[in-house]
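Notebook open. I wanted to look up a few contacts and write down what came out.

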2 protein chains.
Amino acid sequence: MARTQEQRKAETRRRLIDAAADLFARKGYAGVSAEAVADAADRTTGALYKHFGGKEGLLLALLEVWKEETVEVLTAAFERMPALDERLTAIWRSLNGAQGRRGDAWLLLEMELWLQGVRDPVMAEPLAERYRDIRRRLGEGLRDWAEQTGAPLRHAPDDAAALVLGLIVGAAVQHRLDPSTMPDDLLLAGLADLIGTPSAARRQPD
Amino acid sequence: MARTQEQRKAETRRRLIDAAADLFARKGYAGVSAEAVADAADRTTGALYKHFGGKEGLLLALLEVWKEETVEVLTAAFERMPALDERLTAIWRSLNGAQGRRGDAWLLLEMELWLQGVRDPVMAEPLAERYRDIRRRLGEGLRDWAEQTGAPLRHAPDDAAALVLGLIVGAAVQHRLDPSTMPDDLLLAGLADLIGTPSAARRQPD
DNA sequence: GTCTATAATTCGATAGAC
DNA sequence: GTCTATCGAATTATAGAC
């Protein structure tokens with residue numbers, strides 16, 4: 001049946017991308033052979049080359065899937081959590097792999113793909129677009145929060161999103177090396193400084 | 001003369017490390033062969049293996065040199081610049097390679113070494129120590145600044161340093177992909193939020 | 001201490017069977 | 001669409017000349 005064939009094809013594709021995500025994160029794109037990816041996916045290099053044309057095609061496909069997953073995680077964080085602190089904590093948790101399907105490989109894959117994107121012109125645009133998506137979603141969330149609570153943002157939503165994303169990423173980089181230097185409450189206090197939340201900044205209206 | 005021999009040996013070592021810094025940043029550690037590093041340094045793999053034992057030894061030596069260079073850059077920024085804004089801008093500039101001997105490779109090498117350090121237990125400790133050094137130096141600078149100006153820090157010096165470093169790193173990651181999303185004045189405003197500078201936060205004393 | 005030459009392995013990519 | 005088999009190129013690391 002054509003349906004079964006198509007299912008198998010889709011599963012092979014998914015398995016290869018999942019294996020690539022795991023291996024690229026743990027060993028780096030250049031440090032992993034196409035055969036190693038195929039083995040981890042219980043397939044062969046033949047299938048990999050038919051689907052993606054080669055290792056670079058697999059990397060590009062992974063980046064596209066990664067973009068979609070990121071938006072899903074962000075959306076879930078904003079839809080399920082009521083308070084801003086909880087939303088930001090959910091994003092922080094997923095980046096640090098405390099939960100989520102990528103395990104603790106999220107941040108590593110984040111940085112690996114960033115490096116590849118900065119180095120390879122072909123990957124630069126999709127990667128830049130991914131960061132634009134993240135900031136847009138984050139900016140909307142902050143704007144909505146400000147409207148609903150009546151608390152003023154310290155910066156324009158786009159700017160606030162860029163700063164919040166920046167601190168979260170930079171905090172995660174340090175947290176991975178030494179968790180004690182970036183406890184949850186310190187990060188949340190820093191984010192509150194950037195956003196303008198009164199509770200942390202004790203800011204007086206002017 | 002023994003002196004000339006020693007000079008030549010030291011130069012070979014320096015040339016190999018410089019070439020490694022440039023190539024590892026631009027193509028990644030796993031993406032560069034030992035021979036390519038030797039060629040770029042106008043030496044051969046034989047010399048590389050005698051000095052460092054292999055590619056991994058070269059990477060470790062590079063990390064040590066990198067640690068020293070980072071402290072030098074930080075110290076220079078804090079000693080030559082009078083105002084806090086200028087000091088932070090100097091750090092920002094060196095990370096983004098607007099100046100300094102590493103050119104625009106600083107941030108790439110930063111992330112490349114971070115990834116290798118997170119993946120390889122042998123490199124984890126030196127890398128974590130480097131970040132501790134940076135935070136310590138940054139924390140001292142912030143504490144001194146607060147004492148001299150009488151302006152209160154919003155967080156303890158260590159915490160403030162971790163937040164400031166975090167935002168600078170995360171801002172640089174975004175800036176590299178799309179400079180327009182992280183202009184200098186936005187970053188400085190964000191840093192002022194974290195530090196507690198009145199001019200940006202318009203914070204009232206309490 | 002540095003170079004040339006090379007051994008042993010592994011890589012990306014392809015061809016052809018099923 | 002997937003697998004087996006394999007080619008040519010590139011890689012790490014070593015051996016021996018100077």
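Which hand does the crossing of helix 5 of chain A and helix 8 of chain A have? I found it right-handed (left-handed if the near helix is turned anticlockwise from the far one by less than a right angle, right-handed if clockwise).

Housekeeping before I go on. This is a predicted model, where local features need pLDDT of at least 70 and side-chain atom pairs count only at pLDDT 80 or more, while totals for chains, interfaces and linings use all residues. Residues are numbered from 1 along each chain as its sequence is written, with chains lettered from A and ligands numbered from 1 in the order in which they are written.

**Entry: the helix pair.** I looked up the axes of helix 5 (residues 84–96) and helix 8 (residues 157–177) of chain A, which come within 11 Å and cross at roughly 45°. Helices here are DSSP runs (H or I, at least four residues), numbered from the N terminus. Axes are lines fitted to C-alpha atoms over the stretch in contact, with angles from 0 to 180 degrees between N-to-C directions. So helix 5 and helix 8 of chain A are oblique to each other (under 35 degrees is roughly parallel, over 145 roughly antiparallel, 65 to 115 roughly perpendicular, the rest oblique).

I then listed who touches whom: A:Ile91, A:Trp92, A:Leu95 and A:Asn96 in helix 5 meet A:Ile168, A:Ala172 and A:His175 in helix 8. Contact is C-beta atoms, placed from the backbone, within 7 Å. These residues split into 5 nonpolar, 2 polar and no charged (Ala, Val, Leu, Ile, Met, Phe, Trp, Tyr, Cys and Pro are nonpolar; Asp, Glu, Lys and Arg charged; the others, Gly among them, polar).

**Entry: DNA strand D.** I got 18 residues around DNA strand D, the closest being A:Thr12, A:Thr44, A:Gly46, B:Ser33 and B:Gly54; near is a C-beta atom, placed from the backbone, within 6 Å. Helix 3 of chain A gives the most to this surface, with 5 residues. By class I have 3 nonpolar, 9 polar and 6 charged.

**Entry: chain A against chain B.** The contact takes 43 residues from chain B and 44 from chain A. On the chain B side, helix 8 gives the most, with 14 residues. That side has 22 nonpolar, 9 polar and 12 charged residues.

I also laid chain B on chain A: RMSD 0.0 Å, by a turn of 180° and a shift of 0.0 Å along the axis. That is the relation of a two-fold axis. Superposition is by least squares on C-alpha atoms of residues with pLDDT of at least 70 in both copies.

How values were computed:
Helices (H or I, at least four residues) and strands (E, at least two) are DSSP runs, numbered from the N terminus. Two residues are in contact if their C-beta atoms, placed from the backbone, lie within 7 Å.
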